[in-house]
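Hello,

Here is the structure I promised to pass on to you. Please open it alongside this message, and then read on for what turned up in it.

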Amino acid sequence: MIASLAIAFLTAPVLPANLTSDMLGMPILRSDSVKILSHSATFQVERDAVTVESTTLYQNATNSVLKTEVGIPQLSYGKTGTRGLIPVTGQWDNKALKLTSANPWLDLESLKRGPSVVRFSHAEVSFVPNGKASLKLRYKVPVGRVGYESKERAVGYLLHETKPIETLNLSYKYTQRVVFNLPEMMSPPNWGWQIGLQGAYIRRTGFVPRYDSVLMHYYASDFQQRFDEP
């Protein structure tokens, strides 16, 4: 039976009460003098983990050299907080970027249901006058759990940067060996997700995030095997 993917793209702060997951996300740049030209993230969903690769293109909007800080938030919900900081590999303009642990500077009051643990990794970066720069990130995070008796899987992503993003691209990739398809789907209105048996994709222009979170939840492929057993 071919059916639609059980997938929910929820906008924070509306997150499931029983979510158990480590959620990282789009980098946050601590400067109002920088434009975000684009942000693209790809999620390769496997059975137990998700590999996330992202590229963010910035532009210094001033005529001066600009030094600032970039951070990657990690919110841990449920029992995942003991895992520690998820290792993130970064490149600034294709050169290795050393990310270190830092005290979080997220406005947690804007989250209706706070995470159990908040962590942050950061690095100092610089721009030439009116220059563009790219930040590439890569990390692997365990698949989370959600739903009745935590039987569903969950893959989340934070969009806690509040500056406008000229072009946003998010792409989830999976196979039927990983994801069991169900005849249900939920999504925020007007997001325009394209969803198929091999993945889900969204492209938005002129997007202004406001502490948004994207969450995909689904049943694993072995759910179908259990369902089909006599």
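**What the chain looks like**

The secondary structure of the chain comes to 1 helix and 17 strands. Please keep in mind that this is a predicted model. The chain has 230 residues, and 52% of them count as buried. Its accessible surface comes to about 11,600 Å², with 49% of that belonging to carbon and sulfur atoms. If you take the contacts between residues at least 6 apart in sequence, 82% of them join residues at least 24 apart.

Strand 13 (residues 165-173) holds Thr-167. Is Thr-167 buried or exposed? Thr-167 counts as buried, because its relative accessibility is 17% and the cut-off for buried is under 20%. Leaving aside residues up to four places away in sequence, Thr-167 touches Leu-37, Ser-38 and His-39, and also Arg-203, Arg-204 and Thr-205.

Strand 12 (residues 152-159) deserves a look of its own. With 8 of its 8 residues buried, strand 12 is largely enclosed by the rest of the structure. Both of its faces are covered: Glu-152, Ala-154, Gly-156 and Leu-158 are buried on one side, and Arg-153, Val-155, Tyr-157 and Leu-159 are buried on the other.

Which strands does strand 12 run antiparallel to? One is strand 11 (residues 144-146), joined to strand 12 by 3 bridges. Here Gly-144 stands opposite Ala-154. Strands 11 and 12 form a hairpin with 5 residues between them, and Gly-147 in the turn has a positive phi of about 90°. Another is strand 17 (residues 212-220), which is joined to strand 12 by 7 bridges. In that pairing, Leu-158 stands opposite Ser-213.

**The nonpolar cores**

The largest nonpolar core has 46 residues. Those with the most contacts inside this core are Val-45, Tyr-58, Tyr-157, Leu-170 and Tyr-172. A second, separate core has 9 residues, including Leu-15, Tyr-77, Val-146 and Ala-154.

**The salt bridges**

How many salt bridges does a search of the whole structure find? It finds 3, and here is each in turn.

Arg-30 forms a salt bridge with Glu-69, and their closest N and O atoms are 3.4 Å apart. Arg-30 lies in the loop between strand 2 (28-29) and strand 3 (34-45), while Glu-69 lies in strand 5 (residues 66-77), so the pair ties together parts that are 39 residues apart in sequence. Arg-30 counts as partly exposed, at 47% relative accessibility, whereas Glu-69 counts as buried, at 16%.

The side chains of Glu-53 and Arg-138 also meet in a salt bridge, at 2.8 Å from N to O. Because Glu-53 lies in strand 4 and Arg-138 in strand 10, this pair ties together parts that are 85 residues apart in sequence. Glu-53 is partly exposed, with a relative accessible area of 41%, and Arg-138 counts as partly exposed too, at 44% relative accessibility.

Finally, the side chains of Glu-161 and Lys-163 meet in a salt bridge, at 2.9 Å from N to O. Glu-161 is buried, with a relative accessible area of 1%, and Lys-163 counts as buried at 10% relative accessibility.

Enjoy exploring it!

Best wishes

Methods:
Residues are numbered from 1 along each chain as its sequence is written. This is a predicted model: local features need pLDDT of at least 70, side-chain atom pairs count only at pLDDT 80 or more; totals for chains, interfaces and linings use all residues. Side-chain values use heavy atoms; hydrogens and water are left out. Buried means under 20% relative accessible area, exposed over 50%, partly exposed in between (1.4 Å probe, protein chains only). Helices (H or I, at least four residues) and strands (E, at least two) are DSSP runs, numbered from the N terminus. Two strands pair if DSSP finds at least two bridges between them. Contact means heavy atoms within 4.5 Å. Accessible areas come from the Shrake-Rupley method with a 1.4 Å probe; for residues, only the protein chains shown count as cover. A nonpolar core is a set of buried Ala, Val, Leu, Ile, Met, Phe, Trp, Tyr and Cys residues joined through side-chain atoms within 4.5 Å. A salt bridge is a side-chain nitrogen of Lys or Arg within 4 Å of a carboxyl oxygen of Asp or Glu.
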